[in-house]
Amino acid sequence: MKPPTHVAIIMDGNGRWARARSLPRVEGHRAGFEAAREVVRTAAEVGVAFLTLYAFSVENWKRPPKEVSALMALLENFLAEAEPELIANDVRLKAIGRLVDLPAGLRKKIEAVSLRTARGRKLTLSLALSYSGRIEIVTAARQMADEVLRGVLRPAEIDEASFRRHLYTGEDPDPDLLIRTSGEMRLSNFLLWQVSYSEIYFTDVLWPDFRRDAFLRALEEYGRRRRRFGRLEREELE
Ligand code: IPE
Ligand code: IPE
Ligand code: MG
């Protein structure tokens with residue numbers, strides 16, 4: 001089976017996982033990063049070329065400061081621990097979102113690991129951090145308006161292709177498969193432009209329990225989907 005080229009994941013349910021074990025929420029996040037490492041490993045192994053993980057939304061800044069700082073520390077730690085494995089597995093790391101919002105230490109770590117993994121060719125791992133799909137779209141619109149004012153872009157040149165190049169995801173292909181764990185059925189402001197034709201897979205599994213097998217099941221289910229893109233299937237044609 002040919003795997004999807006791009007898989008995007010809304011990694012949700014860390015808090016509920018911890019609560020079910022009477023643990024503090026941060027322990028759920030810690031376990032969540034373990035799951036993330038396993039999913040990255042599996043994606044590289046099965047030949048997924050792009051994996052985008054929603055790790056922290058712009059809206060998540062509204063959580064208690066203690067949880068936010070614990071998450072930032074865990075993210076930095078995740079990058080440090082995962083780096084050798086990323087390099088060994090030929091993975092390139094990228095981050096998308098309002099990176100200026102992040103603590104300086106984490107930002108430096110992202111820059112360093114992005115640079116040191118820049119030659120990764122097998123898998124592009126994009127971490128969505130301080131990410132908002134609406135802000136992404138508005139930012140692209142503002143950049144293009146600015147280019148028009150500077151005379152380097154004509155309004156008639158604004159089309160889907162040029163607009164998408166101004167999104168954080170640039171030339172990356174759109175997600176073929178969007179996964180959300182923990183039973184919630186919403187997008188929560190994730191990749192609003194890019195998921196317009198993605199196959200969506202919801203599972204009740206909480207993110208820390210979403211390991212290799214659960215990921216492979218999602219890929220198998222994707223393999224059974226028939227993507228029509230508005231057309232008819234050959235056997236439906238008269
Ligand atoms: C996902 O788990 C991680 C982030 C949003 C950072 P949650 O922390 O949202 O876990 P639940 O939804 O409360 O269970
Ligand atoms: C979405 O999860 C964001 C991430 C997984 C990083 P949330 O837990 O923040 O989403 P809502 O609040 O349930 O929509
Ligand atoms: Mg949640």
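Before we set off, one definition: Ala, Val, Leu, Ile, Met, Phe, Trp, Tyr, Cys and Pro count as nonpolar, Asp, Glu, Lys and Arg as charged, and the others, Gly among them, as polar. Keep in mind, too, that this is a predicted model.

**Stop one: the cavity.** Select Arg37, Val40, Arg41, Phe78, Ala82, Glu85, Leu86 and Asn89, which line the largest cavity. By class, this lining has four nonpolar, one polar and three charged residues. Now colour H2 and H3, the elements that give two or more residues to the lining of this cavity. Which of them gives the largest share? That is H3, with four residues. The space inside is about 50 Å³, and the structure holds one cavity of 30 Å³ or more.

**Stop two: along H2.** Select residues 25-46, which make up helix H2. Try its end C-alpha atoms: they are 31 Å apart, which agrees with the 32 Å that 22 residues should span at 1.5 Å a residue. Then step on to Gly47, which follows H2 and has a positive phi, near 95°.

**Stop three: the pocket.** Next, select Met11, Asp12, Gly13, Asn60 and Arg63, which of the 26 residues lining the largest pocket lie nearest its centre. The volume of this pocket is about 560 Å³. To see what surrounds the space, show helix H1 (14-20), helix H2 (25-46), strand E2 (50-57) and helix H3 (65-88), the elements that give two or more residues to its lining. How do the lining residues divide by class? Colour them and you will find nine nonpolar, nine polar and eight charged.

Note on methods
Residues are numbered from 1 along each chain as its sequence is written. Chains are lettered from A and ligands numbered from 1 in the order in which they are written. This is a predicted model: local features need pLDDT of at least 70, side-chain atom pairs count only at pLDDT 80 or more; totals for chains, interfaces and linings use all residues. Side-chain values use heavy atoms; hydrogens and water are left out. On a 1 Å grid over the protein atoms alone, a cavity is a set of points where a 1.4 Å probe fits but cannot get out, and a pocket is an open set with protein on both sides within 12 Å along at least five of seven lines; lining residues have an atom within 4 Å of a point. Grid points are joined across faces, edges and corners, and a volume is the space filled by probe spheres set on the points. The expected span of a helix is 1.5 Å times one less than its number of residues.
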